[in-house]
Amino acid sequence: MSALSMWSVGEDGLLIELPDVGAVHMLADLIRSHEYADRLVELIPAARTVMLVGPREVLRRIGDDVRTFEPGTAPGGEPRTVEIPIRYDGVDLDDVASRTGLSVEEIVSAHSGAAYSVDFFGFSPGLAYISGTPQAIRIPRRDNPRTRVPVGAVAIANEYTVIYPAATPGGWSIIGTLEGPPMWDTNADPPTRVGLGDRIMFRRVG
């Protein structure tokens, strides 16, 4: 049985559903190496899906060729490791401590001591969903989202950590502030500081 399911989306879209984010990364890499990849308009990996946008014939050809894809069959190199310095001065640290039953120091030690991975991008340009938040400090989104979260804010919700690349509304718990270069810089090439599948290490500073 195939590990994926496919659905047509409108006239120029193909949505491919997979069992987990690891399979998403492998399939996305496989599609990028396909002979028709340069004719795609967009390739959008998410937590459990890959969305393709392009001419119908291109989607049909790629869909036929990857239909028998199984996780572990796609080639891929070793992910790079990116160290990101964080100042743990977030306005929600005390609230996270109250909700988890841990001290602020225990929260900081847990968060900065874990290994993470960039699963996908969404919500706004450069916003990476970074999985790996330790179970002990996983909490749901805030009941009352903020209308403005400052650029560089480091926030957690459930298994994910995000670093806001721009000032936007947000409902996650802020535990720190990014130090160093921004996560999104339109003058840089590439504009994102991290890439899909990168291994992330958060380093405590200050």
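Here is a short chat about charged pairs and ring pairs in this structure.

This is a predicted model, where local features need pLDDT of at least 70, side-chain atom pairs count only at pLDDT 80 or more, and totals for chains, interfaces and linings use all residues. Residues are numbered from 1 along each chain as its sequence is written, and side-chain values use heavy atoms, with hydrogens and water left out.

Me: How many salt bridges does the structure hold?
Reply: Side chains of opposite charge can pair when their charged atoms come close. Here a salt bridge means a side-chain nitrogen of Lys or Arg within 4 Å of a carboxyl oxygen of Asp or Glu. Going by that, the count is 13.

Me: Is D92 buried or exposed?
Reply: D92 meets R146 in a salt bridge, 2.7 Å from N to O. That pair links distant parts of the chain, with D92 in the loop between β5 (81-87) and α3 (93-100) and R146 in strand β8 (residues 146-149), 54 residues apart. Buried means under 20% relative accessible area, exposed over 50%, and partly exposed in between (1.4 Å probe, protein chains only). Since D92 comes out at 4% relative accessibility, it counts as buried.

Me: What kind of aromatic pair do F120 and Y129 form?
Reply: Rings of Phe, Tyr and Trp (its six-membered ring) pair if their centres lie within 6.5 Å; planes under 30 degrees apart count as stacked, over 60 as edge-to-face, and the rest as tilted. The whole structure has 5 aromatic pairs. For F120 and Y129, the centres are 4.5 Å apart with 10 degrees between the planes, and the pair is stacked.

Me: How far apart in sequence are the parts that Y129 and Y160 tie together?
Reply: Both Y129 and Y160 are buried. Their ring centres are 5.8 Å apart and the planes stand at 85 degrees, so this pair is edge-to-face. Y129 lies in strand β7 (residues 128-131) and Y160 in strand β10 (residues 160-163), so the parts tied together are apart in sequence by 31 residues.

Key. Helices (H or I, at least four residues) and strands (E, at least two) are DSSP runs, numbered from the N terminus.
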